[in-house]
Every structure is written in structure tokens, then in C-alpha cells.
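Below are some notes on the model you sent.

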Amino acid sequence: MTQFLQQLINGLSIGSVYALMAVGYSLVYSIMNFSNFAHGGVIMFGAYFGFFYLTLFRLPFPVALIGAALSTAILAIIIERTAYKPLRNRRAPFLYFIICAMGMSIFLENIIIALPFIGPTFRTYPEIFSKTPIKIGSLAVGRLDLLMFIISAICLGLLVYFIDFTKIGKAIQATSYNIKASALMGINTDFIIITVFALGGFFAGIAGVLFGMKYTVYPQIGVITNKSFIAAVFGGLGSLPGAVIGSVLLGIIETFTSGYISSQYRDLIAFVLLIAVLVIRPRGLMGKSNEDKA
Amino acid sequence: MNLLEMKNVTKRFGGLTAVSSVDFEIEKGSITGLIGPNGAGKTTIFNLITGVYKVTEGKITFDGKDITNKEPYMIADMGITRTFQNIRLFKKLSVYENVLTACQYNANYSLFEAMLYLPRCRKQEKQLKEQAENLLEIMGLIDRKDFIANNLPYGLQRRLEIARALSLNPKLLLLDEPAAGMNPDETAQLMNLISDIRKKFDLSILIIDHHMDLVMGICEKIMVLNFGCKLAEGTPIEIQSNPKVIEAYLGVEG
Amino acid sequence: MDAYIQGILILSGINLMAVLGLSLLTGFTGLFSFGHAGFMAIGGYTAAAMTVKYHMPFIPALLIGAIAASFVSAIIGALTLKLKGDYFCIATLGFGEATRLILDNVQYFGGARGWPGIPAYTNLTNVVIINIIAIVLLANLIRSKHGRNMIAVREEELASQIAGINVFKYKLISLMISAAYAGIAGGLMAHYMTFLQPKMFALTKSTELTIIVIFGGLGSISGSVLGALVLTSLPEILRAFSNWRLVIYGLAVIIIMITRPEGLMGGYEFTPQSMKKLFSNLKGKRLKSSEGRE
């Protein structure tokens, strides 16, 4: 029982960070209908920003965290402006968006490797939180795991508030429902798209710092985003609650797999799950089907 | 004899009823009109007949066969084809390629024969090419054969879409607002074209359009839809004098 | 011939084989795959198993590898090609990574450490012959009604349906042929390297193939040939800049998508007729410009 609870807590902690990544991806998908594969690159940059803010500038952790998140938000906006905006202006087919996103992802990952002062080396975050776990009864909860969960939960809470209760949030919902009609109703869809990229980028930065602390920082850390794509399919492409639930479930299933079966299969299980979802319920948990308007 | 029969057909999108228990027949060889105010469910009926939308309730039969909820390509194979309100051509392909692609229906060589370019494939390809050129000739598009579809003037894009639909040798052709955006001259030309097509290709036609002179001029029978329900049905003269139709179109006086 | 140049040509040929398949899928049918390295892996490991464990001759072994890859692709396609949105794309990404992770754990094939001692059957002659056959078959397919149907699916799905084209069937056929080509490429690679390792079939391999297709031009077989030759040999020649290579790749993809999405060849093919037309056009232009001068 103790082991079960222990795994559950670890799973929740990992899953909540997956959720941070998945909401950014899902937000963009729901508005622009394409998979932004450059999201992983943004997360990786977040991890590096956080690392350098902490080590080079010796900023306190909360400042470094927010700083990294703001930096990646700006990065995400720059990506949108340079790579996707020209395509939108041209009304290019969605295939071009995916390809462009992939090019951006390759660029981001390799510019880090190629830059002489960063390079392909693995870097470890300074130890900010002690490694001794907090004891709750017979449970030992890692301080970092707890922190990951708390920060992610706060972020997701803020996002829900933002989407459901602010004017911009409602405009985002309307735009995801029908971008053309929203534009006709006086919503500045260009601004909405920037906002969505900024939000996604902000959360990606936080996720990047958290993953950097949990594992290490290296140029390929963005590959972790694949998990959030899968989580998003799992929850239903384009659905925010789906992305969160899918991510948390994926996190839990992964930790249980490595805890009870073998850590070798931890990564594999995500893909097995993907196939299983596609067989059993291809729309995902929260996905809706809608008929194309001819 | 009826070519197409819709029995009690209903389509709901969530809580919205777009088409509500419509009964409707199309006689073989006829030109039938489908009119009604905006949002009456005309295009939805086209989408139901061609399988683009799934029918919520009811039954559609074509040529004596049940076609309810069949896939669009199967319905096309059985002989129903259409054009779209917001023209859907293969935009980046040439005029000729647009028609040639749709002619595929008339060739049955296999993938294997295609990859090895075997005699049957060669023979049938030659026939397809002749057929496509023939169609372009009839539709007056042959001199623009190599134009990219998207670069054609609007009126000719509509014409090309009809040509593409005809490549399938359909028994029933559905035209969704073929005269939209046309001036009276062009509309008159279109009317001639539609009558010509019916004679040459021996088919039945169902037209949605807002140009009353076109609909009243060439249709033998007209159905009027309003808020998803059938409001009236009859000959152009009957429809023109039907008080319910006048009310729906012009509103009630006083 | 110089062994070094021969090596580059063989590698280009192997890449070309996979690129031809991907060109059919992405360039002509408009589907985007992140899993073609996975199909190469299946083809490669199957073909190697046939020659090493069952002492089968080379060509039948290659064909069995192709069939295996094609069969797996059919399963993935059947599950995802009917869904709207990026499901197929993400499923191929999941499939590619899962294949690699599974192979990492299959000790029968040497697991993650790799599998040495595969006979060196691949040589320049058979690579060239196989590629020529592959190009002829593909060109015949594209010119036929089946190829036109695939292009129609790429251009406008709904209109294709209305023209009596079974969109799902043609997507599936395109995927299966594409995977078979990738499978043969994998088999050729196994018997050229004489060594297989799951790492060789990582996500980067899939993206590399897609980049070649885009670089050459979506919807052009000649473009794919040109792209495979240039982009396989160029990095070999520019070894010194290897770190910046992928940075430039990524940038190039973005710039191509923004400015010249049709790629190098942009739907044009090198055929005797097209060359004639090109020359007569050039002549015409020269005549016109000389007239203008008078």
C-alpha cells in the first residue's frame, strides 16, 4: 500500500508537468489546427534559460523560474511571428505549418548544440532543494516532486481562471470554436494567436525548468514533449481538460510501469497506450466529433 | 418513375434540427428546383443525399437502392454527383487534370497494372484522355485545357466543376447555386447549358438557386423549404401563386 | 571508382529509396509521417533476419522486409487514417519511437548494443538497379488513375469523395507502398553497414527523410532524386561544419516553407517532353527580348 501511494504521488508529480507542456500544445492546436512540433524546442530553451539565470546570474529560484517562463513566452511569440505568420498570411495548407514547425524544432535543438558556449554537454542544475525527502507517515515525498506538483497545479489553476473568467480567455474559446466567425465578430484573432503562443511558451518555460531540475539539461530534452503530444491524443486533440487528464494519467501509468514492471518499459508504455487509445476510443477521453461543414 | 426518394428525412446537429421529416421525390429525367430562404436547409439536403452528412432519421433511396448513410464515394459510384456552393476544384491542377481525375470512375485497371504500365492500363488511359478532352470540348473549356483551375475566371470555374461532375456519367446531378455571382447574361447561358446537359447526358438534375428566373425558367418541379421543413411542392406556376411561399419570402403584410 | 565516392553514392541511393516512398506519401498524397525510420527499421531487421538466420538470398530477403514494413503500416493506417486532424502524424511519431524502444529490448537482434555480422550484399550496382526500378514503378503509378486519385486526395478531400474516390483506401495504399519502399531502404542499409542498431532509426532519421522530400519539392520525383543526392553528399563533404549542418537544415526548411514551398523542383519533372518545352520556352523568351531591342 505504501509503495502504491508512493508511486501515485510520483506519477501525479510527473503527470502534472506533462500537463503544463500539453496545455500549450493543445491551446495552439485548438486555435490553429496544427501540431506545433516546435513546442519541444521551447521547453528545452526554458530549461537552459533557467539554468543560466540560476548559475550565471545567480538569481533566486522564483525569479529565475518566472524569468525563464517570460523568456520562453517571448521566444514562442518570435517563433509565431517569423515562422507561422507568413504562412497564415498566405493561407498555406496545414501541412506547411507542420513542416515549418518541424524545421523550427530542428533549428532550435541544433543551434544550442552548435553554439560554442553551450554545446551538447549535459548540465546539472545547482541543488536548490535538499534531496532528503519529506516524511508523511510512512511515505517519503521528494521535495522536488512536491514542488513540481504544486507549481504545476498553481499554473493550471491560473490558466483555468484565465480561460474561463477573463475577456481574453473567452475570446480564445470563441476563436477555437470558429476562427473566421470570431474575426467577423470583432475579435482580433491575430492578437489571440499571439496570446495563445505566449501562454504556451510561458508554461513551456516552467516545465523546462522543472524537468531540468528533475533530470539534467541537454539539447535533446525537448523530446520529452512527445509525451505531451501523446497525452493530448489520449485526452482528445484540442481539448484542454483532455490534455490535463491525459497527461496526469500518462504520468501515473508511467511511474507504475517503472515501479512494478521495469523502468526499461517506462517510455514504451506511452506508445503502447497511444495505440490502445486509437483502437478503443480514437477521439480520446474528452474529444468531440464534429461533422465537416461542406 | 422516381429516381430519388427521400422518406421522412431528418437531420439534427446536436439540438439544432436542420432538416425535419422531409419527403421528396425526383422523377427520372426531370429538372427539379430546391428553393427557400437562407438557412432553410437546402445545402444540408444535398449533403444528406451525397453522404457528406449522416442522416439522423429517415431513408433515402436512389434507383431503387437504399443509399442512406453510405459513404460519399459509394454514392458517387452509384451515379449521384454534385457541385458545391463555394466551388471545390482541385485548385492547383490544370483544367484538363481536374476532369481527367474524375474520369477515373470509367477505368478499372489495377494498381499492379498501373505500376507496370501493362497493356490494359495503356488502353484505358487512352480512352480516359479521349473522354476528358471530349467533355472539355462539350463544355467549351478545351481552349483553356492547360490553365490552372484556380486561375480561371469565376464563371468558368463553375463550368469546370460541372464538367468534372459529368465525368462520372451521373444519373443525377446536384447543382448548388450554379448561378451565384453571375450576371443576367451569364445566367441565361447557364440555363441553356443545363438544358443541353440534360439532353446530351440523359440525366436528372436538382438545382438550388436564388435566381428565380433561372429556377422558374427551367425546372419542371420545385420544392420550397423553410426552417428545415417542406413548405410547398409543385410546378413553377403553382409555387409562384402559393400564399405560403409568398409569405415565407416576402413576410406577411400588415 | 574511388571507394569514398562509391560509399557516398550508395548512401544516397539508400536514402533515395526511402525518400521515394515518403515522396509518394507526403508529396503526392499530402500525409505527413514521423515514422518512416520505423518502417526502415522493420524492413532492415526483417531482411537481415532472413539472410543471417535463414540464409536467404538478398533480393527475396529485401522483399520480405518490404512486406513486413508494409503490413505494419497497414495496421497503423487502418487505425488513424479515418480520423480528422493530426492523429495520423502523432501516431506515426509514436510508432517510430516505439519500434526503436522495442528493438532496444529484443536480445535476439542484439538489443540496444546492436547486431553485427550482417553479410555485405549491398553494392553500387544493385542499389542503382533497385532505385531505377523503384523510380519507374513510382512514375507509372503517379501517371495512372491511382496516382491521380492520390493527388486529388491531397488537393481536396471532399471533392475527391464526390468524384467517387475512396479517400481512405487511397491514403492507405499510398502509406503501404511508401512503407514498403522504406522497408527496402532499411534492408539495403543493413546489408551495406553490415551492422544494425536501433539508434540508427531514431526520429532524426525520419525528419531527415522528410526534409529531403521538401527540399526536392513536394510532388516531384525528380526533385526527390536531386534532393537525396545533394543532401546526402553535401554533409559528407562539409563534415567540418557538422555542428552547423542541422542548424542550416532547420533554417532552410523554414525559409523554403515561407518563400518557396514548392521546393527545388516544385511539381515539375525531368522528362524528355518537359525538357523540350523548357528549351522552346527559353528560345521564345530570347526571341521576344531580341525583338524588344529592335
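1. Two strands count as paired if DSSP finds at least two bridges between them. In this predicted model, strand β3 (residues 31–35) of chain B is joined to strand β9 (residues 221–226) of chain B by four bridges, and the two run parallel. Within this pair, B:Leu34 lies opposite B:Met223 of β9(B).

2. Both strands belong to an open sheet of six strands in chain B, ordered β6-β7-β8-β3-β9-β10, with mixed pairing. At its edges are β6 (80–82) and β10 (229–234) of chain B, each of which pairs on one side only. From one strand to the next the twist averages 20°.

3. Helix α6 (residues 154–166) of chain B packs on this sheet and touches β6 and β7 (172–176) of chain B. The direction of α6 makes about 160° with that of β7(B).

4. Another pairing in chain B links strand β1 (residues 2–13) to strand β2 (residues 16–27) through eight bridges, with the strands antiparallel. B:Lys11 is placed opposite B:Val19 of β2(B). The hairpin formed by β1(B) and β2(B) has two residues between the strands, and B:Gly14 there adopts a positive phi near 55°.

5. For chain A, an unreviewed UniProt entry annotates "transmembrane region" over several stretches, including residues 12–31 and 265–281. How much of residues 12–31 of chain A is helix, and how much is strand? The stretch is 100% helix and 0% strand, with its end C-alpha atoms 28 Å apart. Residues 265–281 of chain A are 88% helix and 0% strand, and there the end C-alpha atoms are 23 Å apart.

Methods
Residues are numbered from 1 along each chain as its sequence is written. Chains are lettered from A and ligands numbered from 1 in the order in which they are written. This is a predicted model: local features need pLDDT of at least 70, side-chain atom pairs count only at pLDDT 80 or more; totals for chains, interfaces and linings use all residues. Side-chain values use heavy atoms; hydrogens and water are left out. Axes are lines fitted to C-alpha atoms, for helices over the stretch in contact, and angles run from 0 to 180 degrees between N-to-C directions. Contact means heavy atoms within 4.5 Å. UniProt positions are given in the numbering used here, feature names are shortened, and annotations may be inferred rather than shown by experiment.
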